[in-house]
Amino acid sequence: MPLNLEQSDHAFTMRGADGALARVNDRVLSRSFILAPDHLLEDWAATHVAALTPASLDPVLALEPEVVLLGTGATQAFPPASVMAACLTRGIGLEAMSNDAAARTFNVLAGEGRRVVAGFILAG
């Protein structure tokens with residue numbers, strides 16, 4: 001059976017993530033960050049999901065996503081209702097999940113050509 005290497009048509013691919021570290025392409029990150037298929041914003045000010053405010057999402061929403069993935073660390077946690085509302089009132093879906101699940105989901109959605117933006121909270 002012949003195998004073909006598929007190259008993604010976007011600049012950034014998640015290689016893995018946990019609560020403390022993430023790998024984007026060949027780069028290891030230890031601080032919270034925001035990722036779109038064509039954009040990497042390092043040093044996102046988010047440090048814990050419970051401390052998020054609607055303003056915390058401003059750099060995420062500036063990338064005009066149709067869906068936002070929120071990687072909440074080693075385990076799934078939910079942001080305050082006001083953060084959820086900041087997306088929902090704009091017609092943007094927000095899904096909160098552990099960082100490893102968010103990394104896998106990001107790659108699937110980006111591979112489908114969706115306008116996905118993910119914020120990953122790392123305990124760095």
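**Strand pairing and nonpolar cores in a predicted model**

In the strand β5, L41 is the bridge partner of I34. The structure is a predicted model, in which local features need pLDDT of at least 70 and side-chain atom pairs count only at pLDDT 80 or more, whereas totals for chains, interfaces and linings use all residues. Residues are numbered from 1 along each chain as its sequence is written, and side-chain values use heavy atoms, with hydrogens and water left out.

The protein contains three helices and eight strands, where helices (H or I, at least four residues) and strands (E, at least two) are DSSP runs numbered from the N terminus. Along the sequence these elements follow the pattern β-β-β-β-β-α-β-α-β-α-β. The radius of gyration, taken over C-alpha atoms, is 14 Å, close to the 14 Å that the globule rule gives for 124 residues, so the protein is as compact as a globular protein of that length; the rule is 2.2 Å times the number of residues to the power 0.38. The C-alpha trace spans about 50 × 30 × 20 Å along its principal axes. Of the 124 residues, 44% count as buried, that is, under 20% relative accessible area, with exposed meaning over 50% and partly exposed in between (1.4 Å probe, protein chains only).

The strand β4 (33-36) pairs with β5 in the antiparallel sense over three bridges, and a hairpin of two residues joins β4 to β5; two strands are taken to pair if DSSP finds at least two bridges between them. β4 also pairs with β8 in the antiparallel sense, again over three bridges, and here F33 stands opposite F120. In a regular strand the side chains alternate between the two faces of the sheet. In β4, F33 and L35 point one way and I34 and A36 the other way, and all are buried.

An open sheet of three strands with antiparallel pairing has the order β1-β2-β3. Because β1 (14-17) and β3 (27-29) stand at its edges, each with a single partner strand, one side of each is left without a neighbour in the sheet. The twist averages 20° from one strand to the next, the axes being lines fitted to C-alpha atoms (for helices over the stretch in contact) and the angles running from 0 to 180 degrees between N-to-C directions. β1 and β2 (residues 22-24) are joined by three bridges in the antiparallel sense, with A17 opposite A22.

The largest nonpolar core has 22 residues, and those with the most contacts inside it are M14, F33, L35, F106 and F120; such a core is a set of buried Ala, Val, Leu, Ile, Met, Phe, Trp, Tyr and Cys residues joined through side-chain atoms within 4.5 Å. At least two residues of this core come from each of β1, β2, β4, β6 (67-71), α3 (99-111) and β8 (116-120), and α3 gives the most, with six residues. When residues up to four places away in sequence are not counted, F120 touches M14, A17, S32, F33, W44, G71, N99, A102 and A103, a contact meaning heavy atoms within 4.5 Å. A second, separate core of 19 residues includes W44, L52, L61 and V83.

P54 lies in the loop between β5 (39-41) and α1 (58-61) and is partly exposed, with a relative accessible area of 34%. Beyond residues up to four places away in sequence, P54 touches S82, V83 and A86.
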